[in-house]
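Me: I am learning how charged side chains pair up in a protein, and I would like a close look at that one part of the structure below.

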Amino acid sequence: MNQQLEQILSHYQDENREIANVDEPQCSLVLFKVADKSFAFYGSHIKEILADRPVSWVPGCPPSLEGVINHRGRVESVISINSLIEAPASEGVGKRSILMGRGQKMQSGILVDRLVDVLDVAESQIHPATEHLSAAMQKVVVGIVPVGHEYYALLDLNLIFERYLETCGYDSLA
């Protein structure tokens with residue numbers, strides 16, 4: 001048996017093995033939870049991640065507008081995307097985070113229940129969204145990303161903002 005093992009090892013030592021170095025395109029993702037559902041945004045759309053802070057309620061605004069915050073001397077809106085992603089309303093218990101996002105038509109803070117991670121993944125790891133998603137989710141989900149033992153629905157921030165504006169009656173914005 002020892003002699004067999006030595007033959008196998010000598011065979012592999014004699015073999016000239018080359019390691020192929022492949023630069024696969026990567027993208028940064030911001031992983032988060034809303035109502036125990038797992039989601040992600042492209043990191044390029046999220047400009048900053050803010051720790052839990054008080055959000056000032058503004059009377060007369062749509063229910064999906066949580067309110068406003070003072071961020072670096074500017075008044076910034078903070079929206080809830082729960083209705084757009086078919087998640088139940090958050091109870092506001094515990095520390096939540098605000099993802100400061102900038103899209104083509106607007107910029108706003110997005111209230112999330114829990115920030116999970118920010119990481120780089122190979123673009124080949126992003127699978128196309130399936131037709132098994134609900135009609136509302138198909139409008140905002142652009143892919144599915146496996147991370148560990150969980151799957152994250154990759155949301156397009158521009159589609160989220162477009163749906164938000166539609167649901168608030170601002171769909172005629174150019």
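How many salt bridges does the structure hold?

Reply: This is a predicted model, and the structure holds four salt bridges. As background, side chains of opposite charge can pair when their charged atoms come close. Three of these pairs can be followed here, including the one between Glu48 and Arg72, whose closest N and O atoms are 2.5 Å apart. That pair links distant parts of the chain, since Glu48 belongs to strand S3 (residues 46-50) while Arg72 sits in the loop between strand S4 (65-71) and strand S5 (74-80), 24 residues apart. Glu48 is partly exposed, with a relative accessible area of 24%, whereas Arg72, at 66%, is exposed.

Another salt bridge joins the side chains of Glu76 and Arg74, with 3.3 Å from N to O. Here Glu76 has a relative accessibility of 6% and therefore counts as buried, because buried means under 20% relative accessible area.

In helix H3 (residues 157-167), the side chains of Glu166 and Arg163 also meet in a salt bridge, at 3.0 Å from N to O. Glu166 and Arg163 are three residues apart, which is about one turn of the helix. Glu166 is partly exposed, its relative accessible area being 39%, while Arg163, at 18% relative accessibility, falls under the 20% cut-off and so counts as buried.

Notes
Residues numbered from 1 in each chain as written. Predicted model: local features only at pLDDT ≥ 70, side-chain atom pairs only at ≥ 80, totals over all residues. Heavy atoms only, no water. Helix = DSSP H or I, 4+ residues; strand = E, 2+ residues; numbered from the N terminus. Buried < 20%, exposed > 50% of the residue type's maximum accessible area, 1.4 Å probe, protein only.
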